[in-house]
Structures are given as C-alpha cells and as structure tokens.
Amino acid sequence: MSKKGVFIFAALLSLGPQLSRAAEPAALAKLIAAAKAEKEFTLLGGGGTWGDADAQKLLENGFNKKYGLNVHIKFVPGPAMPDLARRIADEYKAGQKSASDMYLGSESHFVELTRSDALTRFNWREAFPNIPAPMVEMDGRLLREATRYIGVSYNRQAVQEKDLPRKLEDLLDPKWKGRIASTPYAASFDRLASIIGPEKTREFLKRFTQNVAGLIRCGEEERLASGEFVMLALNCGTYEAERAQRQGMPIGARILSDVPIVGYWYLSVPKHSAHPNMAALFAGYLLTPEGQKVRYDSIGATAHLIEGTPANKQYKDLKAQGIELKEFTADFVIKNGKKLGERRDEFQKILQQR
Amino acid sequence: MIEIRKLCKTFAGRSGTVRALSDIDLHIEQGEFFVLLGPSGSGKTTLLRSVAGLERPDSGEIAIGSRIVFSSERRLVTPAEERGIGMVFQSYAIWPHLTVFDNVALPLTQGRRRPGRERVREQVAEALRLVGMEEYADRPAPLLSGGQQQRVALARALAVGPELLLMDEPLSNLDARLREEVRVKIKALVRELGVTVLYVTHDQVEAMTLADRIAVMADGHILQVGASDDLYRRPTSPRVAEFFGAINWITGQALADGRIETEIGVLELNSHQPPVGGRITLGIRPEDLKLSPSPAYSMNEVAGKVCSAVFTGGELLYEIEVNGRLLLARTLSDSEALRGSVFVHFPAGRLALFPEAAI
Amino acid sequence: MSVFTSQTRDLNFEMWRAKSYRVSQRSILIIIALIPAAAIVGLLIIPIWVSVRAETDAGVAFSVGAYRALLSDPFSYRTLFNTAIFSAVATLTALSFGVPSAWIVERTTLPRKGLVFTLMTSGLLIPGFLSAMGWVFLLHPRIGLVNAALGLVVAADWARINIATPAGMGLVQGLGLAPLAFIMTAATFRSANPELEEAAAVHGIGGARSLFHVTLPLALPGILAAAIYVLTIGLAAFEVPAVIGLSNRVFTFSTYLYSQVHPQEGAPRYDLAAAFGVFVMILSAILSWLYFRVLREGHRFAVVTGRSYRPRQVELTRGGVRMAWGFLGFYLVIGQLLPLLTLVWSSLLRYFQLPSAAAFANLSLVNYRGLPWPYLIDGLKNTAFLMASVSTVVLALSLAISWIVVRSKARGRFLLDAIAFLPHAVPGIIFALSAAYVALFILRDYVPIYGTVFLLLSVYVLERTSFGTRMLNNAIAQIHPELEEAGQVMGISLFRRIGTILAPLLIPACINGWLWIALLTYRELTIASLLVTPDNVTLPMVIWGLWQSGSFTRAAAAAAMGLAFMLPFVFLYWYFSRRFAPEGLKT
C-alpha cells in the first residue's frame, strides 16, 4: 500500500465514528441494546481467522469502544473452517447451542450450513447502512467480510524475484520439486476448474502433486519463513503473506496473472448461536471503517467494496493493470455445491497422494 | 454349640475337581475344646472356614448356637461378618498398619456392634491383659515377635466376646519350645472363659494336649471322633491308628477257637472275635510290646532277636526280628539295653483288630 | 434336639436379614465393577455396528459398503503399509535402546543405576507430541538442526535424515517408547535365575558367550513380549504421525482414522473410520494373543519360582562403566533432552531459525506474550481437573474390579479381568471414536455429555482402568487374604474392611499409581483429539491446536509452559517411586 493510500484510509477512519454515530439507525440501537443484554460471546477459529492474542485484544477494544460496550470476547482456537462449519451444522441438527456464536468462512464453506438452514437471516443494511448491497448474500444469511486475492505465498530469502511463478504453468517447473507446499483442502483448485475446466485442472494437479513436498494450511506462514517449504500454492489470499511480512517474516505473495482468482470471507450468525445479537453487532462492526482498520492490523484482510481499504486499493491497481479478476461468491458455490464439492474431493485426493 | 449336617464342598482344580468335604456330620458341645486333626489336604481347614463363613459349602447345613448360618436346602447363607465369632489365623493376620491396641480395637470400632469409646478401651485392655500384652498396647504391629503376634491375634479374637472361637493352626509358626508353653496357656485361658473352641491342627500331640474331643479327618471325611485316649487306644481304622504314631501291623487269619493265626505265631484277643477264616490285621504300638530277656511262658509270647537298639534319651527303640518280621518296640531307658534273643509279649488288651482290607 | 428341625419365626427373620445384607455390599461392589466393564465392551462393539451401518434417504440400512470402499481404495493399503513400517521401526528402535539399557541397569555393577531407572521411567511421561515437535526442528530435511549439521559434512541430499517418512516417524516414536521396552525387559532380567549363568560359567562359558548363549536366550520370551507390546502401541500411536506425518502426506492408521473423523471438507466418515478400526481391533487381538502366549512360554523357562535371588551381576571395568554411561547418556540426551531443548529454543523465536547470530538477536518472549492465555488457562484447569479425577476414579473402580478378581469367588471374575485388560490391547483412538459417536448420536438426547469434560473423564477412565487393575491385582495379591478375613470373621463389613484394612495397606501402591495415571492423563492427546471441543479443551489440545494452525513457535511456547507445569508432578513421582523402588535399585 502506498503512503497516499494509507493517508486516505486513516483520514477516512478518523471521520468514521462521527459519521456513524450521527446517523445511528433505530435498528442498530435496538441491536446494541439486545447485544448488551448478552454480555459476552465466543468466537472459534484457527489462528488465521481471528489472529493472535494481540489481534484479539485490538478487536475487543475496538468493538467495545465503537458501541460503548464492555464485552469480553472469548476467542477460542478452533478447528479449520470446514471442520467448524460442519461442527456447527451438526450441533444445529443435534439441537445444541453452536460452539461458536459466529461463523467466518470462505465462499466454499456454506453449502452444508445453508442446506441444513442453520443460519440466521439478518437485515444487515437496515442496521448498518454503510454496507454495500452486493456484500449481503443469500437473503441476509451471509455477509462478505473480506476480499481474498488468491495466488502463491513464498519465502523471499529462498526464492528470487526472477524465479517467481507468474502463470499457473510455472508451478510445474521441476525446480520446485520437493520444496513447495499446497493445502490439504486443495484451496481454490475447484475455482481453477471453473476457469480452465475440470479436465485441465486434473491434468495440472497430477503433475503439480509431484512437486508438492507437503500440505500446510493457510495461515502457516511460519513454515514458509522457517524454510520448511519455500512456497505455498495456491494460498487463501495474498493478504496473509503481506501481514506476515509486516510482522518481520521474509515472506511475499503474488497472484498468477492467467488465473487471477478472487474469493471472499463471509460472516454468518448460526440460528443456534448463544449470543446472536452480539454476533450480529460484531459482524456489522467489522465492516465499519474502524472494524476494517482493526482487521487490517490484525489479520490483514479487508473488503474491496469498502472505499479506502487496502483491498479496495489493490482492486483498483489490478484493474489498472488490465487483469480480469475471476470472482467467486458463496452464492455461486452454493448453487453449484454438489459439483464443486465432488471436484474438491477429487482434487484433495490427488494432492494427498504423491 | 455347632451342628453340622451333610456338609459337602468340592473345589474345581486344574486337574479336575477335588472333594474337600464329603457328607460331614458333626456335633460340638457348648464349652467344648474341639480339635480337627488331619494331614494337609484332609479338609479340616475347609471345614473350619465353612463354619467361619469364609468358604461357602455346596450343600448341607451348619448351625452355630441356635442359629442356622448355612443351609443349602433353605438357600440361606449368613455372611461371616454376621456370625459373631472370634478367629485366630495361621498367619495371625495382624494388621501391619495398626498398633497392638488398634488391632484389638478395630473389630469393636468397625464391627457389627460398636460399643462406646470407653467400653472399647475397657474391652481391649481386658483382652490384652488376658494374653499378657497390656504393656505393648502402643507398639506398632510390625515390631512384634511371632509369639507376641500370636497373643495379639488371640486377644483380638477374644475381645469381641465370642461364644465360639475358631483357631486355624495357630501354633504352627512358633518354634517348638514356645509352642508347648503357649499350648498350656491357651488351654487354661479357654477353660477360664468357657468359650467353645474349634481348633485345626495337623500335629497329633498338640491335638491330644488341648482337646476335649478330636475329629480325625482325611480326604474330606471324618474318620473318627473321640477323646484322645479313645483315638489312641481304640482307633476304628488303621489310618487313625497310624496317624497317632508308629504301629506294628501283623496279618493273620481267625481260627475256629477264636485265636488268630498270624505270621509270627498264634495270638489271642480280648475283644470280640472275627468270623472264622477271615483275613485280618492286628495292630500294636511299639510301647505296648513287652520285652524280657527270659520267657514268662505266658499267653501271646513269642521269641525274637534284637537287631538294633537305639538310645533316644528317655526311651530305648528296638528293632526286633520275630519269625522273619521286623517289629518296632519302645521301652523306658531305665535299664540296660537288651541284646541277643528276647521274648516279646503281645498284651491281648492292646491288640487292635481290623479286617485286612482296611489297610 | 437338632436346631435344623425347629422352624421358628426368628429363623426366618435371620434368613431375611442374611439375604438383604448380601445385596447391600458385595453386590454394590460388583455393580460398580460391572459399569466400566460394560462400557468397555459397549465401546468395542460400537465400531463394528457403525462400520456396517449406512444411512440412506430411505432410512438405516446395513451394508458392507464401508469395507468395500476401504478395500478398493489403494490409499488404505498405502496407509497400512506405512503403519507396518512405522510400527516395525518404532519397535526396533525402542528395543535397541531399551533392552541394552535394561541389561546394564539390572545385570551390571554400574554405579548410581537407580538414577537411570528414574530417568527412564520419567521418559515415558514426557508427552510424545512435544518430543515430536522438537524432532521436527531437529530432523526436518530442510530446516532440521541435525540435518543442517550433516549438511556441513556432506552436501548431497542423500545424507539427510528425512523424518517425514514412515521410517523416520517410527524412529521418533521408538525413541519415545524405549523407556517402556526398558521397564518391561528390566523385569525379565531382574527375575533371571543366576544359577543358569553360574552353570555356564562353571562349564567354561563366560563373558560375551554367556550373554549371547545363556542370558539373552533366557530373556528372549520377555524381550519378545515387550516387542509385541510395543508393537501394539506403535500400531495405533497417534501423536508422532499426527505432528510429523499429517502435513507431509504420510498417513498411518491413527491419523487415517483422525482424518476420516475430521475431514478437510464434507461429512465425517464414521463408517470408514470404524471399518478400519475393526480391522485394527482384529490385529490387536492377534497381537495380544501372541503376547500372552509368549508370556506363558516364558514361564516354561522359569525353573525356580517364588525364590528370591539376586541376579548375577557383570563386574564393569572403568572402561565398561564409561561405555555404559555413554550409551545411556546418548539415549537420554538424544532421545529425551535434545528435542525438548529444541522446543524451548524455538519457543523464543518468531519463526523457527537455526541457531545463528541473527537468530540469537531475535530471541524474545513474544510467543509467550501472544499465547491465548484465557484459553490456555481453561485447558490447564480442565487438565488439572482430569488429572485429579481420572486418577481417583480409576483407582476406585480398579479397587472394586481387582477385589472381585483377586479376592471374591464370583463367577466370571476372570472374564471381568480380561475385559478390564482390553483397553491395554485395543488402541485408545478406537475407544475415542466410539465414544464420540455414542455421545454425538446416541446419548445426546438423554445425557448431553458431548463437549463436556466428563466425556473425556469417562473415556480416560476406561482407558486407564486396565493399568489400574493390573497394578492393584498385583498389590492386592501381595496382601495376605487372612488380613481381610480376620476383619470379616470379627464382624467388619465389606466396605469397612476395604476402608480400614485393605485401602491403608494399598496406600504405597496407590500413591505411585495415582501419580502415574495423573501424568499419563496430563500427556493424553490421542483420545482428546477426537473428543475435545472448545468447552472441554485440555492443555495438550491447546498446544496441538496451535501447532496444527501453523503457529509452531507459539505452540512451542505453550509446550514449554506445559512442561513447567508438569515438572513438580514428575519430581513427586520420582520421590515416591524411589521410596518404593524395586529392591536394590534405590539410590
């Protein structure tokens, strides 16, 4: 992000509170009141979802400050996103309270949750008018929280700038053999299939898996930094590597110009959430300029549809380079759920066997 | 005091089942000192443990006092802890984590009837006094000698004030000298208290010293019940006879005149006559044989030869050859040992008669 | 005359009293013992049931589909193959360190050997996944310290030890299991009859010849039994394959099970997991059978029994002492200390770096500060609760079971004993799988135990009951039965007898057992991996969660905290185990 960008972002933030406070809609006031009655809430997620203890402190403080609350947010290191989605769906079917009061997942993770109708429908734009309409999906069940530009993350000490893969093809170069990692959930490869076709993806993966040394999850930049693996392809969003870089790790990331996949993080409130109002208020908070700032500082992910955010800036940059981004929404995945799920299963299997 | 009817018990072992008790019938009087005597594996301990309630018989009935404590017919078992008896174990079973006082007190404080603290103190003190252990009340159990443990075990068994006292080889772990001493004390103590005692031992001297009556057991059967001299003098089977010490066996055949033709000559009996022509066995204890250097020309006298004479302190042990048979004889050692040819007299009253098949 | 003929009302009253008394105490004890036994059997039947159960749209059907799917998937065979290599290497490694150490400690005149005994025993208590984490930093082909050192000598790739292979993981697991092999074979060497060796010596067979022709063949059944036992454990070991194998695409039985229950996406395949579980149960049954056979064979060699003698000890020269300590030290340093030191080192770094000036400059406590403390403390609380409650409940239940097995003449007591042994033979992860299934799908409407610490408590208790009963069977058998009978005859009821006579006499054994179970509970990860939710998280699961989410260095920091928490208990255990150490091994 350029200095100018940071400045605009900061200026916007300083304006934020006055703007929102002045025009606080009745629906928001009601939500705040209901949330206050709930006192606390619990968020589950891997380290990549809610960040470390410092990040969590930032989130809690920002949230409390914004709405004049005194909430303790119980952040619990949880399982991977799909694991958690399934657990929440299971708990809904079992008639138990949801382990996590809110669920954050990618566009791929809502098939089961929407099929079992476990998510609350919420009128987001009534309480949070600043949220752009396209960010609300599935009748208010899902709220887009951040934009993910998907590509590769790499160790900057181990990989020279000139050696970096620019296109998908470059990942098959034998020089990567035994050095790079992929994800056990075959992140984004089903999206790839929607771009270049399942046949070609399958072909690609069968060759690609020869190069793969191991499977790590997104958010494990430490393992790139230590040199255990020199590159992760595909990643879950370039923002993770950029955040790691800011924290002093020798990490970088880039998108592949021929397959510029864009995905999202989504927020949702399970129907069996123990503290649904608190969760909804928190979700809305994350999309306020202050919330986005905190998310940037902690996780690094922001939403490109909200003006002034780093993701917004990146979006404009990529557009300017003439790159045609391939966007995938939860709506799309849910509608094609079965087909994509089968592909993902197949691709995971290919990746899991060398 | 104890009445036992048709008591049976089998154990399933590795090599088939073992009949530990077969059809035992027994009656023990109030205040009696009753000893079960037998070699190991004879069933005596099983019988004692059945009375205690530690072993459950397969069938039969046991009554203690006026209470039936076991009856297979009535499907009734009174657990051991409800039978209200005292018992001294072979190992003494002194609880090693407690002091002498606590060992004696535990059955009173944790048992069926729990008298008050003062009463317990009195009862324990009294029991310890009876066995002469009152000075050791505070001593931890592991610091006791074998004899002291034995006395504590007795005190503990008496402290509950039982009408029936069971003792399972209580002296077998003591050395010989101490054993004799304790035997006398037990006998006196039990008589003083008037308790009924059922006592198990494999030592016939111990049994004879202590018992009012003895039941000799073998292979799960009671062979004979009676007072010591009864069993010694009038055994009803060669096994009982052998159990009470060495005995000479002579086989023979009854003649028409009532005398017995034996391998060492014709002998005459006092007792009732066996059927004529039947094969019989005569038994006579070594000390009952009368030896003399010259013939007395009396009945039942045969000539023999001294093969060996061994001096064992108070007695002389002889091996005497009579008509090619070796007989054992025992005399007091108040005279010179006999040598050469001797005359052996078989007192008619001392000859025990059994059908030959009995051996 | 006879009392048998007089039918009085008093008598009937006696009869009634006698009967009701029986119901109230012995039966209660039997019921207490039957509860865990029934649960164990139930949890072993569940996988069989789940593996043939298929939920279709039409309802529930029974099919062998899961088995067909398992058998037709080459991945299953690959997993099986990996498991075979893994457990074989683990067993070999464990034996090659454990058996010589046992021989040195039991059969030589090595000074201060009690220390070795203590260190070896506590080696068992170090959580395997912590060592595994350390080993990743030590032996990883690219970042491992050892490999980096090797790289200085030989540049070629073949000169790197790759830990991320079935054999590599087996090596690490084997180092962790060596103390077990040590303890088991030490008993064998200790009970060896010296006369047999003396006979060899008299006939001119001495030294190494005696060792290889007499001592080792005699100890062979014991060693073989230990091997089978270690193999059974290795077969289902979870921690090392999970820490090292999962991210390197090397699956063994237990991680396969784990990945079926916690798939990356889609619904968990309990049926596949259960089918594989059934297969491994059969395998464990065969191994257990072998184990007991070998043990029985071993008794054939026991020429003299019940006699206590001091085994012949080999006089060590100065050089011998040095060699022995060299060997033991090598194992203790390499196998136990080094991985933990590496772990502590990495906990001080933002991301793992080999020791260098730059790395030293970067050392900080940032990982400790950034730990999810509230969550960690939750885990610590739950773990502490489990340590206390599991040990206590296990001892209570085991006391009931062992009393029935050793003391009562109840019919079926040997079956009860065999059932109590089962958790030893059957991998814990299978119990966890069943328990998760039962709690989630069967019990949820009646007893909402899923996600509570009580679910962990129950499964941990069942798992450890096998140890508790083995220990108490031995301890009770050593207490003369007449001590209890004396109390019984003199009117003390069963519960009071247990309370005032048996329990006080068992205290030394119980303190040791209690601490041992507590420490095993502390390190337990396998069962927890399938049963923990955020509400019943344990300390190992917090560490494991951090590790799994890629925060290696933070996981290392949490692990270091965990070790610090554990140390006082290890010292307590040392203290008590030395007090009650086998004769001749006290220091």
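Analyst: A nonpolar core is a set of buried Ala, Val, Leu, Ile, Met, Phe, Trp, Tyr and Cys residues joined through C-beta atoms within 7 Å. In this predicted model, the largest such core has 379 residues. The residues with the most contacts inside this core are B:Leu198, C:Met133, C:Leu433 and C:Leu531. For B:Leu198, leaving aside its neighbours within four places in sequence, the contacts are B:Ile2, B:Ile28, B:Phe34, B:Leu36, B:Leu48, B:Val51, B:Leu164 and B:Leu166.

The helix pair lies in chain C. Two packed helices are described by the angle between their axes and the distance between the axes. Helix α5 of chain C covers residues 128–139, and helix α7 of chain C covers residues 166–190. These two helices pack at an angle of about 135 degrees, and their axes are 10 Å apart. The angle therefore makes α5(C) oblique to α7(C), since angles over 145 degrees would be needed for roughly antiparallel helices. The crossing of α5(C) and α7(C) is right-handed.

The residues that meet can also be named. From α5(C) come C:Gly128, C:Ser131, C:Ala132, C:Trp135 and C:Leu139. From α7(C), the partners are C:Gly168, C:Val172 and C:Gly176.

Chain A may be described as a whole. Chain A contains 16 helices and 11 strands, and buried residues make up 56% of its 354 residues. With 354 residues, a compact globule would have a radius of gyration near 20 Å, and chain A, at 20 Å, therefore agrees. Along its principal axes, the C-alpha trace of chain A spans about 60 × 50 × 35 Å.

Key. Residues are numbered from 1 along each chain as its sequence is written. Chains are lettered from A and ligands numbered from 1 in the order in which they are written. This is a predicted model: local features need pLDDT of at least 70, side-chain atom pairs count only at pLDDT 80 or more; totals for chains, interfaces and linings use all residues. Helices (H or I, at least four residues) and strands (E, at least two) are DSSP runs, numbered from the N terminus. The radius of gyration is taken over C-alpha atoms; the globule rule is 2.2 Å times the number of residues to the power 0.38. A residue is buried if 20 or more other C-beta atoms lie within 10 Å of its own, exposed if 12 or fewer, and partly exposed in between; C-beta atoms are placed from the backbone. Two residues are in contact if their C-beta atoms, placed from the backbone, lie within 7 Å. Axes are lines fitted to C-alpha atoms, for helices over the stretch in contact, and angles run from 0 to 180 degrees between N-to-C directions. Angles under 35 degrees count as roughly parallel, over 145 as roughly antiparallel, 65 to 115 as roughly perpendicular and the rest as oblique. A crossing is left-handed if the near helix is turned anticlockwise from the far one by less than a right angle, and right-handed if clockwise.
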